[in-house]
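I opened this entry to look up a few side-chain arrangements. My notes follow in the order I checked them.

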Amino acid sequence: MKASIIDGGRLTGTGIDSAGNNGGFVMDKGPSDAILSGCEELFWPLERRGEELERNQWLSDLGWPEIMALASYMSPYKIPTGTAVCREGDREVFLCLICDGVIDVVKEDSSGCAKVLTSISRGKTIGEMSLIDGEPRSATMIARSDATLLVLKLAGFRDLAEVHPRLYGKLAEKIARVLSQRLRQTSGALAEYI
């Protein structure tokens, strides 16, 4: 099965099959327009954002007041199939919680062919590394299907630290756990090639 990749999604060509092989497309190297360019910002009331956070169990250890406080810093976006959430090398800093849909993490190999490293679905986050270290994106993230994301931008993350330091600490700990788990998975996978 091939993922539909559209020109506006920053990748061109026929797509990626389920084994992660490219279908002859190449990464578009053009500059980013803005955070989540080509995506529709949704206008959900605060309670709906809180309900999405709670439903996804991303921070199951938080109480409702903390969930609502965090929700006030997050914005919902609708991402069409084939659209790039971010591209390798982008400098925009934000974390996304996937409420619905699937996001492919794509990276070019040494020959310039794009490969799907993994697919991330509902209840998981993407973009944590940039939120912590501020470095350029290490991979491109493409919506394999229509998706809905709750986005926490760097300014909101910093404001959270000032206004709700305890909640900020819990969130930072959760992000550290996610990054640690992903590093362990990557180390395990690399061991197969050594």
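**Contacts of Glu 52**

I began with Glu 52, and leaving out residues up to four places away in sequence, I found that Glu 52 touches Trp 44, Cys 99 and Leu 150. The model I am reading is predicted. I placed Glu 52 in helix α1, which spans residues 46–56. Is Glu 52 buried or exposed? I noted a relative accessible area of 9% for Glu 52; buried means under 20%, so Glu 52 is buried.

**Charges over rings**

I went back to Trp 44, one of the residues that Glu 52 touches. Arg 48 lies over the face of Trp 44, at 4.0 Å from the ring centre. I then looked up Phe 94 and found the charged end of Arg 137 over its ring, 4.4 Å from the centre.

**Aromatic pair**

How many aromatic pairs does the structure hold? I counted one aromatic pair. The pair is formed by Phe 157 and Tyr 168, with 4.8 Å centre to centre. I put down 45° between the planes, and the pair is tilted. Where in the chain do Phe 157 and Tyr 168 sit? I located Phe 157 in helix α4 (residues 154–163) and Tyr 168 in helix α5 (residues 165–191). The two are 11 residues apart, and the pair links distant parts of the chain.

I checked accessibility last. Phe 157 has 5% relative accessibility and counts as buried.

Key: Residues are numbered from 1 along each chain as its sequence is written. This is a predicted model: local features need pLDDT of at least 70, side-chain atom pairs count only at pLDDT 80 or more; totals for chains, interfaces and linings use all residues. Side-chain values use heavy atoms; hydrogens and water are left out. Rings of Phe, Tyr and Trp (its six-membered ring) pair if their centres lie within 6.5 Å; planes under 30 degrees apart count as stacked, over 60 as edge-to-face and the rest as tilted. Helices (H or I, at least four residues) and strands (E, at least two) are DSSP runs, numbered from the N terminus. Buried means under 20% relative accessible area, exposed over 50%, partly exposed in between (1.4 Å probe, protein chains only). A charge sits over a ring if NZ of Lys or CZ of Arg is within 6 Å of the ring centre and within 35 degrees of the ring normal. Contact means heavy atoms within 4.5 Å.
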